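Hi,

Here is the structure I promised to pass on. Have a look at it first, and my notes follow below.

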Amino acid sequence: MAQPDTKKIFFENLSGAGKAIAVLTSGGDAQGMNAAVRAVVRMGLYVGAKVYFIHEGYQGMVDGGENIEEASWESVSSMLQVGGTVIGSARCKEFRCHEGRLKAAHNLVLQGITNLCVIGGDGSLTGANLFREEWSGLLTELVDQGLIEADAVQKYSALHIVGMVGSIDNDFCGTDMTIGTDSALHRIIEVVDAIMTTAQSHQRTFVLEVMGRHCGYLALVSALACGADWVLIPEMPPEDGWEDKMCKKLSATRSRGTRLNIIIVAEGAIDRHGTPITSGIVKDLVVKCLGFDTRVTILGHVQRGGTPSAFDRILASRMGVEAVLALLETTANTPACVVSLRGNQSVRLPLMECVQMTQEVQRAMDGKRFEEAVKLRGRSFENNLRTYKLLAHRKPESELPVSNFNVAVLNVGAPAAGMNAAVRSAVRVGISEGHKMFAVSDGFEGFYKGQIREVKWADVGGWTGQGGSLLGTKRTLPAKHVEKIAEQMRMNNINALLIVGGFEAFLSLLELITARGKYEEFCVPMVMVPATVSNNVPGSDLSIGADTALNAITTTCDRIKQSASGTKRRVFIIETMGGYCGYLASVGGLAAGADAAYIYEEPFDIKDLQANVEHLTEKMKTSIQRGLVLRNENCNENYTTDFIYQLYSEEGKGVFDSRKNVLGHMQQGGAPSPFDRNFGTKISAKAMQWVTKKLTETFRKGRVFANMEDSCCLLGMRRRALVFQPVVQLKDETDFVHRIPKEQWWLKLRPLMKILAKYKTSYDVSDSGQLEHVIRNRPKESDASVAM
């Protein structure tokens, strides 16, 4: 493997010695900005650079003085879990004029700063690029005015800019997710879930207004995540006559026995003629036409506030580290770039290409070219809109295709938040494509007992936000009951299977393929959608339920650390779930700011434990008061949670005391996160569309017969792509003894966690983002951003 060479290159050629990096947050604040600032500071210090805060954004850069402050390792402690931006953000009119930028250049030169990391929206990043282009001219002016020495022009000849997009609106082209978007969705969904209970009690309709003056992402994705009855967004205004259609839809929903309606309106929603559609207008319309008891809730700045989600902390931490690497590699000829996310990979894109594409979206909307605007937003946005329409608006029976196929859906393995969203999606997409949908209770145990029933569109209403598995799920594998299951398949004329589950679901498909030789009933299309908190399914980088579990771990770690606030120095040992898979411990550790995370995939011994204790002892002698250590439940049979707790307690005597906590099944419970709701909804919809295609392909002489390898697949996310993979081909990639994939992408994040915890370690930059270009239409399969 090329790993050692890349590490060697990193340390020899990417040293930050003699460099000065400044970080600022500009424009509107967003949750996760502090995590990005922390990562920039600590990675900058790690490579030997000087790092500076610029307080109050561009205003602080213009004003100079105490606004430009050198950062230390300790100055970003306890920052990770704080919302907003602790270094302040302000909109600066002065920076927009030449004189303001001249002052800013003078203040940067005084500190020797020629590397800027800007966290903000497209306006902030455009300003940074203009500043960069004018830099040499500004220095010449400063020399002419006698404010700097002539040799400073040569010494500080180029200004290097790297941007990170911090915006809750997710309105920046080139990245799947901007910092703050996931947290804003958390705030919205928390409110929607709370409102649903009171709305149901009083049979009310609620109109929720969410942020998004020019971008409907928050409205669209939250509508998808809560199963809203109607959504209004600026990119796709409703057709004329939408008022009647909406009222008919609300009325039809009530007539099926539903006691509430939810309508989500983006603050920038308009009709086809550019006339604003406000939440008040929608409320008055519902009251006038239907007489429903209707209330309006405007979320406002609640969406910007609160603690950042696990996703945003991890995203911001990865982007912050990547930004520093980009600054170290940049040359005078390198264009200003923005660090972005595609799938689960970080990429670098030319800043102005992204800004121009973002501005094109607005021009298309201004010109009422709404279809074009949706396309320019990217495949993720397009897919969200298409999926929402498919699941929210039921076609009349007369318009449905008639397929005469019966498709069964079941959950297998342990429960995972988001399973119900996946089942709802599968059922509704299947019905839309003309199939009869059957639900199997309690996995394969229920299957062989005949617990199979037909499900209709309305039967899965309200399932999206429910935790656990409403169908019921068991770990039972089919091999022992294969004859009875085949009999049930025959009796119910099941033509295809869609399984939502974890490692047991993967094993089940392998057993069913083996059974095909004896039972033709299993010669039907079968597909699996990965759903497990452990995220240990081969063939997929992410599983439904893992994000919710990460948020549970992160929130709990925040509270546990806070419990030691104001007390003496303390280290917490936290045990997480995951079986032999260390995903939750490692990525949860990165999100919670852990000092160490012990996992099975990275063997450790008593010397490593001792080194960790000594490292924490040294840290505790500074101003840092709390330490956090995560341990995967099966990381080592001898070094148990109790053993590690007792070791830390003994070795830390006189410096810190220790506490332990086993998180247990709370990681599997609770309402699914917005990410898991949408990932489950969209990946399951894609799986059902694959089922329809395979049924059509394999239907011959009045029956379905599918016995090829590619008729039994797992749909997983691989790097940037959603891929259907025959389960037989995944056998070689699997460690069956420990129930984990042989290769796991997230292991590359572990050095990042160690660096941010002040360990000296090697960091593999072979996977670091290379400068790419913004592509208007990526290949269809590369919509890995299906998750959000």
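Let me start with a pocket: the second largest pocket in this predicted model has a volume of about 990 Å³. Here, on a 1 Å grid over the protein atoms alone, a pocket is an open set of points where a 1.4 Å probe fits, with protein on both sides within 12 Å along at least five of seven lines, and lining residues have an atom within 4 Å of a point. Grid points are joined across faces, edges and corners, and the volume is the space filled by probe spheres set on the points. Of the 41 lining residues, Gly 28, Arg 91, Gly 121, Asp 122 and Gly 123 are the closest to the pocket's centre. Two or more lining residues come from each of α5 (122-144), β6 (205-210) and α12 (351-366), and α5 gives the largest share, five residues. Helices (H or I, at least four residues) and strands (E, at least two) are DSSP runs, numbered from the N terminus. By class, the lining has 11 nonpolar, 18 polar and 12 charged residues; Ala, Val, Leu, Ile, Met, Phe, Trp, Tyr, Cys and Pro count as nonpolar, Asp, Glu, Lys and Arg as charged, and the others, Gly among them, as polar.

Next, two helix pairs. Helix α11 (residues 310-329) packs against helix α19 (residues 546-563) at an angle of about 85°, with their axes 8 Å apart. Axes are lines fitted to C-alpha atoms, for helices over the stretch in contact, and angles run from 0 to 180 degrees between N-to-C directions. That makes α11 roughly perpendicular to α19 (65 to 115 degrees). In this contact (heavy atoms within 4.5 Å), Ala 310, Phe 311, Arg 313 and Ile 314 of α11 meet Asp 547, Leu 550, Asn 551, Thr 554 and Asp 558 of α19.

Helix α7 (residues 181-202) and helix α23 (residues 674-698) pack at about 90°, with axes 9 Å apart, and are therefore roughly perpendicular too. Asp 182, Leu 185, His 186, Ile 189 and Asp 193 of α7 touch Pro 674, Phe 675 and Arg 677 of α23. These residues divide into four nonpolar, one polar and three charged.

As for confidence, the mean pLDDT (the predictor's confidence in each residue, from 0 to 100) is 91, and 95% of residues reach 70 or more. pLDDT stays under 50 over residues 1-12 and over residues 777-788.

Residues are numbered from 1 along each chain as its sequence is written, and side-chain values use heavy atoms, with hydrogens and water left out. Local features need pLDDT of at least 70 and side-chain atom pairs count only at pLDDT 80 or more, while totals for chains, interfaces and linings use all residues.

Best wishes

Definitions and conventions
Parallel < 35°, antiparallel > 145°, perpendicular 65-115°, else oblique.
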